[in-house]
Amino acid sequence: MEFPKVALVRREFPRPRVEEVEDELRRQCARPEIRKKLRPGMRVAITAGSRGISDIPKVLETLVGIVRGAGAEPFIVPAMGSHGGATAEGQLEVLESLGVTERSVGAPIRSSMETVEIGHTPHGIPVYMDRLAAQADGVVVVGRIKQHTDFHSEIESGLLKMAAIGLGKHAGALELHARGIPGIRDHMVEAGSLVFSSGKILFGVALVENAYEETAILEVILPEAVIEREKALLRRARNLAPKLPAEEIDVLFVDELGKNYSGTGMDTNVIGRYRIPGVEEPESPKVRYIIVGDLSEASHGNALGVGLADFTTKRLFEKMDFAATNQNVLTSTFVERGKIPLILENDREALEAAVRCNWGVPPERARFVRIPNTLDLRYALVSENLLEEVLAAGDAEIVDGPAELSFDGSGNLRPLAESSRLL
(Lines give C-alpha, C1' and ligand atoms only; values in the text may rest on other atoms or scores of the structure.)
Protein backbone atom coordinates (compact mmCIF):
# COMPACT_ATOMS: atom_id res chain seq x y z
CA MET A 1 0.00 0.00 0.00
CA GLU A 2 1.27 3.46 -0.88
CA PHE A 3 1.30 5.85 2.07
CA PRO A 4 1.45 9.66 1.79
CA LYS A 5 4.86 11.25 1.70
CA VAL A 6 5.69 13.06 4.93
CA ALA A 7 7.84 15.95 6.10
CA LEU A 8 9.35 16.46 9.52
CA VAL A 9 8.31 19.86 10.85
CA ARG A 10 9.45 21.78 13.90
CA ARG A 11 7.05 24.21 15.52
CA GLU A 12 7.70 27.09 17.89
CA PHE A 13 5.38 27.92 20.80
CA PRO A 14 5.29 30.75 23.36
CA ARG A 15 8.07 30.06 25.86
CA PRO A 16 7.82 31.95 29.14
CA ARG A 17 9.82 30.07 31.75
CA VAL A 18 11.23 30.22 35.25
CA GLU A 19 14.97 30.16 34.71
CA GLU A 20 15.94 28.98 38.22
CA VAL A 21 13.10 27.01 39.75
CA GLU A 22 14.87 26.43 43.09
CA ASP A 23 15.69 30.12 43.54
CA GLU A 24 12.14 31.22 42.66
CA LEU A 25 10.62 28.72 45.08
CA ARG A 26 12.94 29.81 47.89
CA ARG A 27 12.16 33.46 47.17
CA GLN A 28 8.43 32.94 47.36
CA CYS A 29 8.62 30.77 50.47
CA ALA A 30 10.61 33.55 52.14
CA ARG A 31 7.55 35.80 52.09
CA PRO A 32 6.58 36.53 55.73
CA GLU A 33 3.06 35.10 55.35
CA ILE A 34 4.52 31.83 54.05
CA ARG A 35 7.54 31.67 56.34
CA LYS A 36 5.42 31.92 59.49
CA LYS A 37 3.49 28.80 58.46
CA LEU A 38 6.55 26.67 59.19
CA ARG A 39 7.51 26.26 62.84
CA PRO A 40 10.30 24.27 64.49
CA GLY A 41 9.32 20.73 65.43
CA MET A 42 6.42 20.45 62.97
CA ARG A 43 5.95 17.28 60.93
CA VAL A 44 5.16 18.43 57.38
CA ALA A 45 3.78 16.22 54.61
CA ILE A 46 4.59 17.29 51.04
CA THR A 47 2.47 15.83 48.25
CA ALA A 48 3.87 14.15 45.14
CA GLY A 49 1.51 13.30 42.29
CA SER A 50 1.65 10.85 39.41
CA ARG A 51 1.97 13.32 36.53
CA GLY A 52 5.16 13.75 34.53
CA ILE A 53 5.91 17.27 35.74
CA SER A 54 9.34 18.17 34.42
CA ASP A 55 10.74 19.91 37.51
CA ILE A 56 8.98 17.87 40.20
CA PRO A 57 12.09 16.21 41.74
CA LYS A 58 13.77 19.61 41.92
CA VAL A 59 10.68 21.27 43.43
CA LEU A 60 10.25 18.56 46.06
CA GLU A 61 13.94 18.57 46.99
CA THR A 62 13.86 22.35 47.39
CA LEU A 63 10.70 22.22 49.52
CA VAL A 64 12.30 19.57 51.72
CA GLY A 65 15.25 21.93 52.26
CA ILE A 66 12.97 24.87 53.04
CA VAL A 67 10.93 22.89 55.57
CA ARG A 68 14.01 21.43 57.21
CA GLY A 69 15.65 24.85 57.27
CA ALA A 70 12.72 26.11 59.34
CA GLY A 71 13.40 23.41 61.92
CA ALA A 72 10.51 21.20 60.80
CA GLU A 73 10.53 17.55 59.74
CA PRO A 74 9.48 16.97 56.10
CA PHE A 75 8.28 13.77 54.45
CA ILE A 76 6.69 12.97 51.07
CA VAL A 77 3.27 11.38 50.59
CA PRO A 78 2.05 10.06 47.22
CA ALA A 79 -1.10 11.97 46.24
CA MET A 80 -2.45 10.21 43.17
CA GLY A 81 -5.89 8.77 43.91
CA SER A 82 -6.05 5.22 42.56
CA HIS A 83 -2.97 5.35 40.35
CA GLY A 84 -0.27 2.75 40.82
CA GLY A 85 -2.89 0.03 40.90
CA ALA A 86 -4.39 1.63 44.04
CA THR A 87 -1.63 0.09 46.17
CA ALA A 88 0.96 1.73 48.40
CA GLU A 89 3.75 -0.18 46.65
CA GLY A 90 2.43 0.72 43.20
CA GLN A 91 2.38 4.42 44.06
CA LEU A 92 5.99 4.26 45.21
CA GLU A 93 6.88 2.70 41.85
CA VAL A 94 5.10 5.52 40.01
CA LEU A 95 7.08 8.12 41.95
CA GLU A 96 10.34 6.30 41.27
CA SER A 97 9.58 6.30 37.53
CA LEU A 98 9.22 10.09 37.76
CA GLY A 99 12.60 10.48 39.44
CA VAL A 100 11.11 10.98 42.90
CA THR A 101 12.95 8.81 45.42
CA GLU A 102 14.03 9.30 49.01
CA ARG A 103 17.54 9.89 47.74
CA SER A 104 16.58 12.42 45.06
CA VAL A 105 14.39 14.56 47.35
CA GLY A 106 16.34 14.04 50.58
CA ALA A 107 13.39 12.96 52.72
CA PRO A 108 11.42 9.83 53.59
CA ILE A 109 8.53 8.81 51.33
CA ARG A 110 5.64 7.34 53.29
CA SER A 111 3.09 5.58 51.15
CA SER A 112 -0.24 4.30 52.44
CA MET A 113 -3.71 3.89 50.97
CA GLU A 114 -5.32 4.43 54.37
CA THR A 115 -7.45 7.55 54.73
CA VAL A 116 -9.41 9.45 57.34
CA GLU A 117 -12.70 11.23 56.75
CA ILE A 118 -12.29 14.95 57.44
CA GLY A 119 -15.81 16.19 56.67
CA HIS A 120 -18.57 16.44 54.09
CA THR A 121 -19.20 18.82 51.20
CA PRO A 122 -22.35 20.98 51.11
CA HIS A 123 -23.88 18.17 49.03
CA GLY A 124 -23.13 15.59 51.72
CA ILE A 125 -20.20 13.88 49.98
CA PRO A 126 -17.56 12.55 52.39
CA VAL A 127 -14.08 14.01 51.97
CA TYR A 128 -11.02 11.89 52.68
CA MET A 129 -7.37 12.62 53.37
CA ASP A 130 -4.31 10.38 53.36
CA ARG A 131 -3.99 9.19 56.97
CA LEU A 132 -0.28 10.00 57.22
CA ALA A 133 -0.86 13.52 55.90
CA ALA A 134 -3.80 14.04 58.25
CA GLN A 135 -1.64 13.01 61.22
CA ALA A 136 1.07 15.52 60.28
CA ASP A 137 1.13 19.04 61.69
CA GLY A 138 0.77 20.52 58.23
CA VAL A 139 0.60 19.67 54.52
CA VAL A 140 2.12 21.37 51.48
CA VAL A 141 0.14 20.60 48.32
CA VAL A 142 2.16 20.61 45.10
CA GLY A 143 0.48 20.36 41.70
CA ARG A 144 0.45 21.43 38.08
CA ILE A 145 -2.36 23.65 36.82
CA LYS A 146 -3.64 22.53 33.42
CA GLN A 147 -6.73 21.79 31.39
CA HIS A 148 -8.71 18.74 32.47
CA THR A 149 -9.15 15.88 30.04
CA ASP A 150 -12.84 15.30 30.84
CA PHE A 151 -14.48 18.74 30.98
CA HIS A 152 -13.92 22.49 30.86
CA SER A 153 -14.71 24.88 33.69
CA GLU A 154 -13.16 27.73 35.69
CA ILE A 155 -11.21 25.21 37.77
CA GLU A 156 -10.02 21.98 36.20
CA SER A 157 -6.81 20.09 37.04
CA GLY A 158 -4.64 21.61 39.74
CA LEU A 159 -4.23 22.10 43.47
CA LEU A 160 -7.90 21.56 44.33
CA LYS A 161 -7.94 18.29 42.40
CA MET A 162 -4.70 17.23 44.11
CA ALA A 163 -6.29 17.94 47.49
CA ALA A 164 -9.65 16.26 46.78
CA ILE A 165 -8.65 13.26 44.67
CA GLY A 166 -4.88 12.95 45.05
CA LEU A 167 -4.78 13.21 48.85
CA GLY A 168 -8.14 11.45 49.00
CA LYS A 169 -6.46 8.31 47.63
CA HIS A 170 -8.64 5.53 46.25
CA ALA A 171 -11.53 6.33 48.60
CA GLY A 172 -11.68 9.98 47.54
CA ALA A 173 -11.27 9.18 43.88
CA LEU A 174 -14.12 6.66 44.03
CA GLU A 175 -16.50 9.06 45.80
CA LEU A 176 -16.08 11.78 43.20
CA HIS A 177 -15.70 9.71 40.04
CA ALA A 178 -18.80 7.68 40.95
CA ARG A 179 -20.81 10.87 40.32
CA GLY A 180 -19.56 11.22 36.76
CA ILE A 181 -18.68 14.61 35.32
CA PRO A 182 -20.52 16.58 38.05
CA GLY A 183 -18.43 14.72 40.61
CA ILE A 184 -15.04 15.65 39.19
CA ARG A 185 -16.09 19.08 37.93
CA ASP A 186 -18.34 20.51 40.65
CA HIS A 187 -18.09 18.31 43.75
CA MET A 188 -14.32 18.13 43.35
CA VAL A 189 -14.05 21.89 43.86
CA GLU A 190 -16.20 21.65 47.00
CA ALA A 191 -14.14 18.74 48.34
CA GLY A 192 -10.84 20.45 47.54
CA SER A 193 -12.03 23.67 49.15
CA LEU A 194 -12.90 21.75 52.31
CA VAL A 195 -9.40 20.26 52.40
CA PHE A 196 -7.79 23.67 51.96
CA SER A 197 -9.98 25.18 54.69
CA SER A 198 -9.41 22.28 57.11
CA GLY A 199 -6.49 23.97 58.82
CA LYS A 200 -4.14 21.20 57.70
CA ILE A 201 -2.88 22.84 54.51
CA LEU A 202 0.01 25.24 55.07
CA PHE A 203 0.21 26.44 51.46
CA GLY A 204 0.10 25.23 47.88
CA VAL A 205 2.80 25.26 45.21
CA ALA A 206 1.26 25.72 41.77
CA LEU A 207 3.19 24.98 38.58
CA VAL A 208 2.24 25.87 35.02
CA GLU A 209 4.26 24.44 32.14
CA ASN A 210 4.84 25.74 28.64
CA ALA A 211 4.68 23.62 25.48
CA TYR A 212 8.32 22.62 25.99
CA GLU A 213 7.51 20.92 29.31
CA GLU A 214 9.34 23.67 31.19
CA THR A 215 8.08 25.50 34.26
CA ALA A 216 6.54 28.70 32.94
CA ILE A 217 4.95 29.88 36.19
CA LEU A 218 5.61 28.93 39.81
CA GLU A 219 3.40 30.38 42.51
CA VAL A 220 3.19 29.71 46.25
CA ILE A 221 -0.42 30.21 47.33
CA LEU A 222 -2.05 30.56 50.74
CA PRO A 223 -5.10 28.31 51.37
CA GLU A 224 -7.59 31.17 51.39
CA ALA A 225 -6.42 32.38 47.96
CA VAL A 226 -6.29 29.03 46.16
CA ILE A 227 -9.63 29.24 44.34
CA GLU A 228 -9.09 32.62 42.72
CA ARG A 229 -5.43 32.00 41.92
CA GLU A 230 -6.16 28.61 40.38
CA LYS A 231 -8.78 30.18 38.10
CA ALA A 232 -6.29 32.79 36.92
CA LEU A 233 -3.47 30.29 36.43
CA LEU A 234 -5.73 27.97 34.43
CA ARG A 235 -6.42 30.81 31.99
CA ARG A 236 -2.67 31.24 31.58
CA ALA A 237 -2.20 27.48 31.13
CA ARG A 238 -4.82 27.35 28.36
CA ASN A 239 -2.96 30.01 26.39
CA LEU A 240 0.29 28.04 26.66
CA ALA A 241 -1.15 24.63 25.76
CA PRO A 242 0.13 23.24 22.42
CA LYS A 243 -2.16 21.95 19.69
CA LEU A 244 -1.85 19.58 16.74
CA PRO A 245 -0.38 21.13 13.59
CA ALA A 246 -3.65 20.73 11.66
CA GLU A 247 -7.36 20.97 12.50
CA GLU A 248 -8.66 18.22 10.18
CA ILE A 249 -6.75 14.95 10.09
CA ASP A 250 -7.62 11.60 8.53
CA VAL A 251 -5.08 9.52 10.46
CA LEU A 252 -3.24 10.58 13.61
CA PHE A 253 -0.41 8.27 14.71
CA VAL A 254 0.59 8.66 18.38
CA ASP A 255 3.84 6.84 19.14
CA GLU A 256 3.21 6.37 22.85
CA LEU A 257 0.31 6.34 25.28
CA GLY A 258 1.23 7.06 28.89
CA LYS A 259 0.21 8.27 32.33
CA ASN A 260 3.37 10.38 32.29
CA TYR A 261 1.94 12.31 29.34
CA SER A 262 -1.67 12.67 30.50
CA GLY A 263 -3.99 11.26 33.12
CA THR A 264 -5.96 9.78 30.24
CA GLY A 265 -2.87 8.40 28.50
CA MET A 266 -3.50 10.73 25.57
CA ASP A 267 -4.59 14.31 26.27
CA THR A 268 -8.18 14.61 25.10
CA ASN A 269 -7.73 18.34 24.53
CA VAL A 270 -5.04 17.53 21.97
CA ILE A 271 -6.72 14.67 20.11
CA GLY A 272 -10.27 16.06 20.26
CA ARG A 273 -11.93 13.04 21.87
CA TYR A 274 -13.57 12.59 25.27
CA ARG A 275 -15.30 9.23 24.77
CA ILE A 276 -17.64 9.86 27.73
CA PRO A 277 -21.29 8.87 27.18
CA GLY A 278 -23.54 11.90 27.23
CA VAL A 279 -20.67 14.37 26.82
CA GLU A 280 -20.42 16.16 23.49
CA GLU A 281 -17.11 15.71 21.70
CA PRO A 282 -14.90 18.79 21.15
CA GLU A 283 -15.50 20.75 17.95
CA SER A 284 -11.81 20.81 17.15
CA PRO A 285 -9.60 19.12 16.11
CA LYS A 286 -11.43 16.66 13.87
CA VAL A 287 -9.51 13.37 13.68
CA ARG A 288 -11.08 10.48 11.79
CA TYR A 289 -8.81 7.65 13.00
CA ILE A 290 -6.24 7.46 15.79
CA ILE A 291 -3.50 4.85 16.00
CA VAL A 292 -1.45 4.44 19.20
CA GLY A 293 1.70 2.40 18.73
CA ASP A 294 3.15 1.76 22.18
CA LEU A 295 2.79 2.18 25.95
CA SER A 296 5.33 4.20 27.91
CA GLU A 297 7.53 2.43 30.43
CA ALA A 298 6.55 4.99 33.09
CA SER A 299 2.92 3.81 32.88
CA HIS A 300 3.82 0.44 34.46
CA GLY A 301 1.31 -1.32 32.23
CA ASN A 302 -1.58 1.08 32.93
CA ALA A 303 -3.10 1.58 29.49
CA LEU A 304 -6.07 3.75 30.45
CA GLY A 305 -6.79 5.83 27.37
CA VAL A 306 -6.15 3.08 24.84
CA GLY A 307 -9.89 3.19 24.13
CA LEU A 308 -9.45 6.71 22.77
CA ALA A 309 -7.71 5.11 19.77
CA ASP A 310 -9.21 3.12 16.90
CA PHE A 311 -6.18 0.94 16.21
CA THR A 312 -3.23 -0.26 18.26
CA THR A 313 -0.39 -2.77 18.02
CA LYS A 314 0.44 -6.14 19.46
CA ARG A 315 3.45 -4.69 21.30
CA LEU A 316 1.25 -2.26 23.24
CA PHE A 317 -1.27 -4.98 24.06
CA GLU A 318 1.45 -7.26 25.40
CA LYS A 319 2.66 -4.53 27.79
CA MET A 320 -0.76 -4.03 29.39
CA ASP A 321 -1.23 -4.74 33.08
CA PHE A 322 -4.93 -5.51 33.09
CA ALA A 323 -5.31 -5.19 36.87
CA ALA A 324 -3.74 -1.72 36.94
CA THR A 325 -5.64 -0.60 33.84
CA ASN A 326 -8.98 -1.94 35.07
CA GLN A 327 -8.54 -0.38 38.51
CA ASN A 328 -7.90 3.05 37.02
CA VAL A 329 -10.68 2.76 34.44
CA LEU A 330 -13.26 1.57 36.96
CA THR A 331 -12.30 4.32 39.40
CA SER A 332 -12.82 6.90 36.66
CA THR A 333 -16.09 5.16 35.56
CA PHE A 334 -15.32 6.17 31.95
CA VAL A 335 -15.19 2.64 30.58
CA GLU A 336 -14.99 3.59 26.91
CA ARG A 337 -11.42 4.74 27.53
CA GLY A 338 -10.37 1.29 28.65
CA LYS A 339 -11.79 -0.66 25.73
CA ILE A 340 -9.13 -2.27 23.58
CA PRO A 341 -9.21 -1.15 19.92
CA LEU A 342 -8.34 -3.31 16.92
CA ILE A 343 -4.94 -4.90 17.48
CA LEU A 344 -2.57 -5.11 14.52
CA GLU A 345 0.78 -6.86 14.30
CA ASN A 346 2.85 -3.68 13.91
CA ASP A 347 2.77 0.00 12.92
CA ARG A 348 2.65 -0.71 9.21
CA GLU A 349 -0.39 -2.97 9.50
CA ALA A 350 -2.14 -0.50 11.80
CA LEU A 351 -1.54 2.31 9.32
CA GLU A 352 -2.71 0.15 6.43
CA ALA A 353 -5.93 -0.61 8.33
CA ALA A 354 -6.59 3.04 9.08
CA VAL A 355 -6.08 4.33 5.54
CA ARG A 356 -8.12 1.42 4.16
CA CYS A 357 -11.05 2.55 6.32
CA ASN A 358 -10.65 6.18 5.28
CA TRP A 359 -13.61 6.19 2.92
CA GLY A 360 -13.21 7.77 -0.49
CA VAL A 361 -9.62 8.91 0.06
CA PRO A 362 -6.76 7.16 -1.77
CA PRO A 363 -4.13 5.99 0.77
CA GLU A 364 -1.47 8.29 -0.63
CA ARG A 365 -3.83 11.29 -0.21
CA ALA A 366 -4.66 10.72 3.46
CA ARG A 367 -4.19 13.73 5.72
CA PHE A 368 -1.64 12.18 8.06
CA VAL A 369 0.07 13.43 11.24
CA ARG A 370 2.46 11.58 13.53
CA ILE A 371 3.44 12.81 17.01
CA PRO A 372 5.61 11.19 19.72
CA ASN A 373 2.91 11.66 22.40
CA THR A 374 0.27 14.26 23.29
CA LEU A 375 2.58 16.20 25.62
CA ASP A 376 5.50 16.86 23.27
CA LEU A 377 4.15 18.44 20.08
CA ARG A 378 7.13 20.45 18.92
CA TYR A 379 8.17 17.89 16.29
CA ALA A 380 5.67 16.12 14.04
CA LEU A 381 5.57 14.24 10.77
CA VAL A 382 2.89 15.65 8.49
CA SER A 383 1.75 14.48 5.08
CA GLU A 384 2.79 16.50 2.06
CA ASN A 385 -0.78 17.62 1.40
CA LEU A 386 -0.94 19.30 4.84
CA LEU A 387 2.28 21.29 4.55
CA GLU A 388 0.76 24.45 3.11
CA GLU A 389 -1.79 24.59 5.93
CA VAL A 390 0.78 23.84 8.63
CA LEU A 391 3.28 26.41 7.37
CA ALA A 392 0.58 29.07 6.95
CA ALA A 393 0.12 29.17 10.74
CA GLY A 394 3.53 30.86 10.92
CA ASP A 395 4.93 28.77 13.78
CA ALA A 396 6.42 25.87 11.81
CA GLU A 397 9.37 25.09 9.56
CA ILE A 398 10.31 22.02 7.53
CA VAL A 399 13.27 20.14 8.99
CA ASP A 400 13.41 17.41 6.35
CA GLY A 401 11.40 15.82 3.55
CA PRO A 402 8.93 15.26 2.06
CA ALA A 403 9.89 11.61 1.68
CA GLU A 404 8.48 8.12 2.15
CA LEU A 405 7.62 6.84 5.61
CA SER A 406 10.44 4.68 6.98
CA PHE A 407 9.82 1.38 8.79
CA ASP A 408 12.28 -0.95 10.54
CA GLY A 409 12.60 -4.69 9.94
CA SER A 410 9.72 -5.40 12.35
CA GLY A 411 7.32 -3.21 10.41
CA ASN A 412 7.38 -0.41 12.99
CA LEU A 413 8.03 3.25 12.31
CA ARG A 414 11.55 4.36 13.11
CA PRO A 415 11.77 6.54 16.26
CA LEU A 416 10.78 10.13 15.73
CA ALA A 417 13.78 11.13 17.82
CA GLU A 418 16.03 10.08 14.93
CA SER A 419 14.93 13.33 13.26
CA SER A 420 16.04 13.59 9.64
CA ARG A 421 17.15 9.94 9.54
CA LEU A 422 13.45 9.06 9.63
CA LEU A 423 13.01 10.07 6.05
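A salt bridge is a side-chain nitrogen of Lys or Arg within 4 Å of a carboxyl oxygen of Asp or Glu. The model shown is predicted, so local features need pLDDT of at least 70 and side-chain atom pairs count only at pLDDT 80 or more, while totals for chains, interfaces and linings use all residues. Residues are numbered from 1 along each chain as its sequence is written, and side-chain values use heavy atoms, with hydrogens and water left out.

**View 1. A salt bridge joins Asp130 and Lys169.** The closest N and O atoms of Asp130 and Lys169 are 3.3 Å apart. Asp130 belongs to strand β5 (residues 126–130) and Lys169 to helix α8 (residues 169–177), so the pair ties together parts that are 39 residues apart in sequence; helices (H or I, at least four residues) and strands (E, at least two) are DSSP runs, numbered from the N terminus. Asp130 is buried at 0% relative accessibility, and Lys169 is likewise buried at 0%, where buried means under 20% relative accessible area, exposed over 50%, and partly exposed in between (1.4 Å probe, protein chains only).

**View 2. Glu397 and Arg10 form a salt bridge.** Their closest N and O atoms are 2.3 Å apart, and the pair links distant parts of the chain, with Glu397 in strand β15 and Arg10 in strand β1, 387 residues apart. Glu397 is partly exposed at 36% relative accessibility, and Arg10 is partly exposed at 22%. Arg10 and Glu397 also belong to a network of salt bridges that includes Glu12 and Arg378.

**View 3. Phe3 and Phe407 form a tilted aromatic pair.** Rings of Phe, Tyr and Trp (its six-membered ring) pair if their centres lie within 6.5 Å, and planes under 30 degrees apart count as stacked, over 60 as edge-to-face and the rest as tilted. A search of the whole structure finds 4 aromatic pairs, and in the pair of Phe3 and Phe407 the distance is 5.9 Å centre to centre, with 45 degrees between the planes. Phe3 lies in the segment before β1 (6–11) and Phe407 in the segment after β15 (396–403), so the pair ties together parts that are 404 residues apart in sequence. Phe3 is buried at 6% relative accessibility, and Phe407 is buried with a relative accessible area of 11%.

**View 4. Side chains of strand β13 point two ways.** From β13 (residues 368–371), Phe368 and Arg370 point one way and Val369 and Ile371 the other, and all are buried.
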